[in-house]
Amino acid sequence: MSDKLLEVRNLRKYFEIKQGLFKKVHVKAVDDVSFEIKRGETLGLVGESGCGKTTLGRCVLQITKPTSGEIFFQGQKLEHKGMKDYRKKMQIVFQDPYASLDPRKTVADIIGEGLDIHKMFKNKVKRRERILELMDLVGLNKKFYNRYPHEFSGGQRQRIGIARAVAVSPEFIVCDEPVSALDVSIQAQVINMLEKLQNEYGLTYLFIAHDLAVVKHISDRIGVLYLGHLVEIAESEELCDNPRHPYTQMLLSAVPIADPDESERRQREKPEGEIPSPINPPSGCPFRTRCKYVTGICSEKFPEFTEVSPGHMVACFHHTTTPYLSVTKPATEGVSHLPQNEISDDDLNNNANDYIADVRGGVSDDRIIDEGGM
Ligand SMILES: Nc1ncnc2c1ncn2[C@@H]1O[C@H](COP(=O)(O)OP(=O)(O)O)[C@@H](O)[C@H]1O
Ligand code: SF4
Ligand SMILES: [Mg+2]
C-alpha cells in the first residue's frame, strides 16, 4: 500500500463575486496549489488570515467545489458529487467551537451525528456505549451526555467537535485552526489530545493555523500559504531553522521568543505592509509588494516552486541569495513530541502547555464548566 494518503494537484478555487451592479470579479482564494500528505503524517499549513487556508481545507474535502485541479485520496480521484464513500474516511474539525455546534442538539446527538448518517449503530444501547466511549476518549465527563453546547467552555466544545470527527473512525482529518479561538492554556490540552488520538488511531492530519508556534509543535512538515499560493514547504525543523522564503522568515519573526534582545532584533527585521487583495493580486511574485529583497524580475514572472534541498521547496527567485534572518531557535528548543503510545492523562496538560505558555504567556480560561472536572 502506498504511503501517500492524499495528493493535491494544481488546486484552484476562484470565488465569483459581484462588484457594483453588473461587474463580476474573482476572488483567487487558492491558486495552483499542489502537495501530498503521507499516511500518519501531520502537514501543517500556515499563513495570515485571508490567505486561503480554510478554502483549501474545504476543497480538499470537497465541501467546497474546487474551480480546477485534482485531489486523490488513497489513489482515487475525489469528485464533488461522489463523496458519499469518503465522508466517513475524511472529517473536519472547525475553527469556531461556538458556531460549529448546533445549539439545539445535545452533546450525545452532536457526537452521534456521523454514526446516524452512516447508520453505524442500529442498536440504541450500542450507539450510547460508543458515544460514551468517545466522550471518555476526548476527556469529557460522561455526565454531560444530555447537556447542550451553551453549557460548555470553548475548550470543551472543541472536544465535542473532535469527538464528532473521530466518531466514524476516519483516516484523515482537516483540523481548521482548531485551537485559534481557545485560551492559551486550553490550546495545549487540545493539541495534546489531537496528538494522542493520532498516535492511537494512526490518523493523518492537515493542521491549519495562522500561528507558526502552534503548527511547529504538532506538524511533521509545514506548508506556507500566501495569497492562495504555496510559497514554501519543508520538514518542520528545516522550515523553522532554515526558512528560505522571505514570507516564512516574516512569519517566524512574529513568533514571540524568550530572549528580549533577540526579540527586539526580530521586531526590527519584520517587514511591513498589507496583504494585497486576492481579487487583484500583484503581477509576478505575490509577495513582492511586501518583500524587502524584491528586484525587477519579481514583478515580471511568477517564481516556480523549486527544490532547494531534499524535500524543501520554495517559490522565490532569490532564495539562494536572500540574506536569511539568522533565526535563533524560538523558545521551542528542547520541547519534544509526546512519546508514542505512552501518554498518560497527566501528560495532557504538560508538554504542549509548557511550550505554548513559554512562548506566548498564559492566561486563565473563563470556562463555564471547569476543564479539570471533565
Ligand atoms: N464563499 C466565499 N465567497 C467569496 N469569497 C470568499 C468566500 N470564502 C472565502 N472567500 C475569500 O477567499 C479568501 C480566502 O479566505 P479563507 O480561505 O477563509 O482564508 P483563511 O482561512 O486563510 O483566513 C479571502 O479573501 C476570503 O474573503
Ligand atoms: S520572488 Fe522576489 S518578491 Fe518574491 S519573495 Fe522572492 S525576492 Fe521577494
Ligand atoms: Mg480560515
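This is a predicted model: local features need pLDDT of at least 70, side-chain atom pairs count only at pLDDT 80 or more; totals for chains, interfaces and linings use all residues.

Start with helix H3, residues 107-117, and H5: they pack at an angle of about 30°, and their axes are 6 Å apart. H3 and H5 are therefore roughly parallel to each other. The cut-off behind that label is an angle under 35 degrees. As for handedness, H3 passes H5 in a right-handed crossing.

Who touches whom? From H3, the residues are Val107, Ile110, Ile111, Glu113 and Gly114. They meet Ile160, Ala163 and Arg164 in H5. By class, this contact of H3 with H5 divides into 5 nonpolar, 1 polar and 2 charged residues.

Every value I quote is computed from it.

Now the other partner of H5. Helix H5 spans residues 154-166, and helix H6 spans residues 184-201. Their axes come within 10 Å and cross at roughly 15°. That makes H5 roughly parallel to H6. The crossing of H5 and H6 is right-handed.

The H5 side of this contact is Gly154, Gly155, Gln158, Ile162 and Val166. The H6 side is Ile186, Gln189, Val190, Met193, Leu194 and Leu197. Which classes do the residues of the contact of H5 with H6 fall into? There are 7 nonpolar, 4 polar and no charged. Keep the H3 contact with H5 in mind here, with its 2 charged residues.

One reminder for reading those lists. An α-helix has 3.6 residues a turn, so residues three or four places apart point the same way.

Let me zoom out. The chain has 374 residues, and buried ones make up 42% of them. Its secondary structure comes to 12 helices and 12 strands. Take the contacts in the chain with a separation of 6 or more: 69% of them join residues 24 or more positions apart.

On to ligand 1. It is surrounded by 13 residues. The closest are Phe15, Ala29, Lys53, Thr54 and Thr55. Three elements each supply at least two residues of this shell: strand E1 at 4-19, strand E2 at 23-38 and helix H1 at 53-60. Which of them gives the most to the shell around ligand 1? H1 does, with 3 residues. By class, the shell around ligand 1 holds 6 nonpolar, 6 polar and 1 charged residues.

Stay with H1 for a moment. Is H1 enclosed or open? In H1, 7 of the 8 residues are buried, so H1 is largely enclosed by the rest of the structure. The buried ones are Lys53, Thr54, Thr55, Leu56, Gly57, Cys59 and Val60. Note that Lys53, Thr54 and Thr55 were also among the residues closest to ligand 1.

Next, the backbone. Most residues other than glycine have a negative phi.

Gln62 lies in the loop between H1 and strand E4, 68-73.

Asn10 is not a glycine either, and has a positive phi of about 50°. Asn10 lies in strand E1. E1 is one of the elements that supply the shell around ligand 1. Is Asn10 itself buried or exposed? With 12 C-beta neighbours inside 10 Å, Asn10 counts as exposed.

Now ligand 2. There are 13 residues around ligand 2. Cys285, Arg288, Cys291, Cys298 and Cys316 come nearest. The shell by class: 10 nonpolar, 2 polar and 1 charged residues.

Last stop, Cys240. Cys240 sits in helix H8, residues 236-241. With 22 C-beta neighbours inside 10 Å, Cys240 counts as buried. What does Cys240 contact, leaving aside its neighbours within four places in sequence? Lys216 and Leu252. The C-alpha atoms of Cys240 and Ile222 are separated by 9.1 Å, with the two residues 18 apart along the chain.

That's my tour. I'll take questions.

How values were computed: Residues are numbered from 1 along each chain as its sequence is written. Chains are lettered from A and ligands numbered from 1 in the order in which they are written. A residue is near a molecule or strand if its C-beta atom, placed from the backbone, lies within 6 Å of it. Ala, Val, Leu, Ile, Met, Phe, Trp, Tyr, Cys and Pro count as nonpolar, Asp, Glu, Lys and Arg as charged, and the others, Gly among them, as polar. Axes are lines fitted to C-alpha atoms, for helices over the stretch in contact, and angles run from 0 to 180 degrees between N-to-C directions. Helices (H or I, at least four residues) and strands (E, at least two) are DSSP runs, numbered from the N terminus. Angles under 35 degrees count as roughly parallel, over 145 as roughly antiparallel, 65 to 115 as roughly perpendicular and the rest as oblique. A crossing is left-handed if the near helix is turned anticlockwise from the far one by less than a right angle, and right-handed if clockwise. Two residues are in contact if their C-beta atoms, placed from the backbone, lie within 7 Å. A residue is buried if 20 or more other C-beta atoms lie within 10 Å of its own, exposed if 12 or fewer, and partly exposed in between; C-beta atoms are placed from the backbone.
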